[in-house]
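Student: I have a structure to go through. Can we work from definitions to conclusions?

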Number of protein chains: 2
Amino acid sequence: MSEHKELDERKKQILKSIIDDYIMTAEPIGSRTIAKKSVLGISSATIRNEMADLEEMGYLEQPHTSAGRVPSVKGYRMYVDSLMDMSVLTKDELLFIKENLEGRIDRLVDLIKQASNVISQITHYTSVATAPKISKSKIRNVQLLYMDPKRVLMILVTNEGMVKHSTIHLEGVAHPADIERVSRILNEKLAGLTVEKLNVQLIHEIQKEFGVSKDFLFSVMMDIAKTIQNENSNESEVFMNGTTNIFKYQEFTDSDKARAFFDFMQRNELINRIMLPQGEKGMIDVKIGSEIKIDEVSDFSIVTTSYSLGDYMVGTIGVIGPKRMEYPKVISAMDYITKELNKELEKMFGEENVKDD
Amino acid sequence: MSEHKELDERKKQILKSIIDDYIMTAEPIGSRTIAKKSVLGISSATIRNEMADLEEMGYLEQPHTSAGRVPSVKGYRMYVDSLMDMSVLTKDELLFIKENLEGRIDRLVDLIKQASNVISQITHYTSVATAPKISKSKIRNVQLLYMDPKRVLMILVTNEGMVKHSTIHLEGVAHPADIERVSRILNEKLAGLTVEKLNVQLIHEIQKEFGVSKDFLFSVMMDIAKTIQNENSNESEVFMNGTTNIFKYQEFTDSDKARAFFDFMQRNELINRIMLPQGEKGMIDVKIGSEIKIDEVSDFSIVTTSYSLGDYMVGTIGVIGPKRMEYPKVISAMDYITKELNKELEKMFGEENVKDD
DNA sequence: GTTAGCACTCATTCGGTTCAAGTGCTAACA
DNA sequence: TGTTAGCACTTGAACCGAATGAGTGCTAAC
């Protein structure tokens, strides 16, 4: 019974062994198993004593008296923070990632989807990604297209080449020629601006200069702002891959558990909550079970990190899997993939942004 | 033992009773159950005889000798084709559908997604919809935007107001002013055309008239065609709702079955196969178990129908659920929702198409 | 043609036994 | 004092056989 809370070296080794084993088997680990596998020339009885200590300290739990031990959240925490071996991806994995991310993808969202897809294939867990938020993005081009007397189609291209569109419903009646004229004016006046720059002054200015209807200008600008800021609302669009991987892990073969998982994965607001960017840039954030603070996923762990371009476009990618996740593997995969993704983003949009500023 | 294969009235009644019951309970149905519930003043022994006949004729099956009977695919087929009562949606359901489809949706795909969503909520099964195919659609507007010396963004608006975009990679180096000029020319020349009209002659014509680079024109046109025809390739984009409803049905609580279902639902090529438009316009197509001809879903039934606008835009919506599906309810829901959807599409795009022709 | 009655089948349930894994504790040992 | 062998004890899982009961098919009588 160590009277301080610091774990001595041997306890650490034992804890690590238990967790390594548990991650592979999902079965409670007994003292004999560790005694046999561990390099420490130590009997099972001694290990039993140590395990009792570790349980008392809160690193391990016992499903029932005659079963082996299972890691607690605190145990996993310790494991992730200071016990686990770092892992390296195999040559094949690195190649697989590169091949699937480099080059041939033109669209921002397709790239993100692909990154998510790659992560779930490499890790064998479920991966989630949120679409990038681009509130600080500049307007490259705005175009209004006459649809019918009551509707105008607004197409917006941001500096990154993202294309958004929406339909504007008119109060009055419009003529194609008018719409086209306003379209030209707006394109000229708004190009290069960020959403924040769209304000009442600007409307006045344009109105004065060109004599365009104030109401119409107002609804168009509102629409543009909404269209961009949709991306920026508290609910981002979410991409998922490998949800069925959950069935690979015995603790979720029970159909109630699986169901709970799928139900959770459909709840966008909750997914968004776990996907809030955490920590500093480039940091990989690990949350284990109850640390997530959402009851529905207290049996899971999530590993998230954010991708970005400069500081004006940000999104999050993550992995969700059982608490006994292969943390080393997931972390190294996420790290590498995020870097590749960032590189790719830089390639796609990097230079222009520098150039434009 | 009726010597002809035609079922007499009583057998039909019994078969219908059994299937009605089985749909509700998913338990094999015994002769006593039917004797008690049925209006025919007939003893269980007689029903036993009839059931034996029905089994011999292939309408029923017996999981094991001491169990009740279960409908066979042939039984369900008979039920769907001529036995079942038609159902009517409740006032609340009709209202729910109207409220969720009418008005307030601007975008084509959002409307389809919403229809799929509504179907899964009304039926409590999984619903699937394919994005509309629009190969015969006309070009309303084409625009090229200079991105950087090697890339041009092409934005295409179809007559229905669908916005598509893609990035064109250039061989040579382009100047913004050139791009803009070509953009104007193309917009003028291509507006109102269908994809099929984009051919080599047209390229020559434009080249002659404006002296634009042939290579460049060619790659832009290819891109436009590809962009529209993507929609028309053998793999449409698929929208799904209510996949987790599968857990509601006891025959799929077994996690292997659930897993098989989810695995299937991820296989786009298979979903596309079951979603091929069947039968005539407005027809509701029911396929039961093995009739689907895809092993992975031989435990399911699917009900599909297509939505359309004129004859140049078509997509399919469907429901997938257990073979013991509530066919009457699903069929009436699909029927009503498809009609609402078509009305909505007509409202969105109907008049203009007439006008443009 | 219908039905009562009965012997038979067979999946499911339930209690009890055994089994094996694992523990905690004690006592002996280095 | 820390380590270890040994042992009694706990407990979930697996196995087994009997009882249960839903349902059948068949026979014989109506």
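Tutor: Start with residue classes. Ala, Val, Leu, Ile, Met, Phe, Trp, Tyr, Cys and Pro count as nonpolar, Asp, Glu, Lys and Arg as charged, and the others as polar. The model is predicted. The lining of its second largest pocket has 16 nonpolar, 10 polar and 10 charged residues.

Student: What makes a residue part of the lining of that pocket?

Tutor: Lining residues have an atom within 4 Å of a pocket point. The second largest pocket holds about 1100 Å³ of space. Of its 36 lining residues, those closest to the centre include A:Gln143, A:Arg184, B:Gln143 and B:Arg184. The strand β4(B) gives the most, 9 residues.

Student: Why do the copies meet through the same surface?

Tutor: 100% of the interface residues of chain A are also interface residues in chain B, so the surface is the same.

Student: What makes the pair of A:Ser31 and DNA strand C a polar contact?

Tutor: The cut-off for N or O atoms is 3.5 Å. A side-chain N or O atom of A:Ser31 is 2.8 Å from a phosphate oxygen of DNA strand C. Therefore the pair counts as a polar contact. A:Arg48 places a polar side-chain atom 3.1 Å from a base nitrogen of DNA strand C.

How values were computed: Residues numbered from 1 in each chain as written. Chains lettered and ligands numbered in written order. Predicted model: local features only at pLDDT ≥ 70, side-chain atom pairs only at ≥ 80, totals over all residues. Heavy atoms only, no water. Contact = heavy atoms within 4.5 Å. 1 Å grid on protein atoms, 1.4 Å probe; cavity = no way out; pocket = protein on both sides within 12 Å on 5 of 7 lines; lining within 4 Å. Points joined across faces, edges and corners; volume = space filled by probe spheres on them. Helix = DSSP H or I, 4+ residues; strand = E, 2+ residues; numbered from the N terminus. Polar contact = N/O pair within 3.5 Å; in protein donor to acceptor, adjacent residues only side chain to side chain.
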